[in-house]
Amino acid sequence: LHKKVLDTNGLVIIRENEIGCPDCSILYTSKFYGSLLYPLKSGKNFFGIISVAILREFLDSAEEHELFIELANDISFALNKMHIEKEKQNALNSLLEEEQKFKTLFESSEAVMFISNIESGKIIDSNDSAANFYGYEKTYINENIYIYDLNTLPKDIVLDYIGRAVKKEINHFHFKHKLSNGNLREVEVYA
């Protein structure tokens, strides 16, 4: 029965004794009733088959067929929307899980790390190792410091290096950086 519905890819009308499936729970026929069946699907997603018992006098009614097909398509649309929402939620959960892994790695790393805005050079996040190395409070770095504030090169040259890193022309640099106490340190930067 399921194969017949899937093979026709549309409305299937079952009359009394037309199908040898006396124990099919999806099917109800008698001398007074027949069944209409329609696949619940949307795109590549197949959700099942909807069946309705209908008086035999309405079994061939085009209007009844249209209403039943419209109902089946509405249910398919709703099921597909629920399926898409579930996929979105799963993707969001995976993304949040990965974000948490990254944040843990970022925060616990002994390497000095910054996340900065590539257009302005503003540091938007730093780890504890960066705060310890530069001698600033982490919140101060995140709220007030730009990459070029740490570098001894002029701002326009630092922004040029950032631009080159964004274009993947270069990703490894050697600079002199200023610490909070005014001391200079040679640093190796990977972007």
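This is a short talk on the aromatic rings in this structure. Keep in mind that the model is predicted.

Let's start with the count. There are 8 aromatic pairs. I'll take two of them in turn.

The opening pair is phenylalanine 102 with phenylalanine 106. Their ring centres lie 5.9 Å apart. Where do phenylalanine 102 and phenylalanine 106 lie? Both are in helix α2, which covers residues 62–108. They are 4 residues apart, about one turn of the helix.

Now, buried or exposed? Phenylalanine 106 is buried, because its relative accessible area is 3% and the cut-off for buried is under 20%. Phenylalanine 102 has a relative accessible area of 45%, so that residue is partly exposed.

Next pair: phenylalanine 114 and tyrosine 134. The ring centres are 5.5 Å apart. The planes sit at 40°, so this pair is tilted. It links distant parts of the chain. Phenylalanine 114 is in strand β4, residues 114–116. Tyrosine 134 is in helix α3, residues 128–134.

Phenylalanine 114 comes out at 23%, so it counts as partly exposed. Tyrosine 134 has 3%, and is therefore buried.

Which residues do ring pairs link into a cluster? Phe114, Phe133 and Tyr134.

Lysine 122 places its charged end over the ring of tyrosine 146. The distance to the ring centre is 5.9 Å.

Notes:
Residues numbered from 1 in each chain as written. Predicted model: local features only at pLDDT ≥ 70, side-chain atom pairs only at ≥ 80, totals over all residues. Heavy atoms only, no water. Phe/Tyr/Trp six-rings, centres within 6.5 Å; stacked < 30°, edge-to-face > 60°. Helix = DSSP H or I, 4+ residues; strand = E, 2+ residues; numbered from the N terminus. Buried < 20%, exposed > 50% of the residue type's maximum accessible area, 1.4 Å probe, protein only. Lys NZ or Arg CZ within 6 Å of the ring centre and 35° of its normal.
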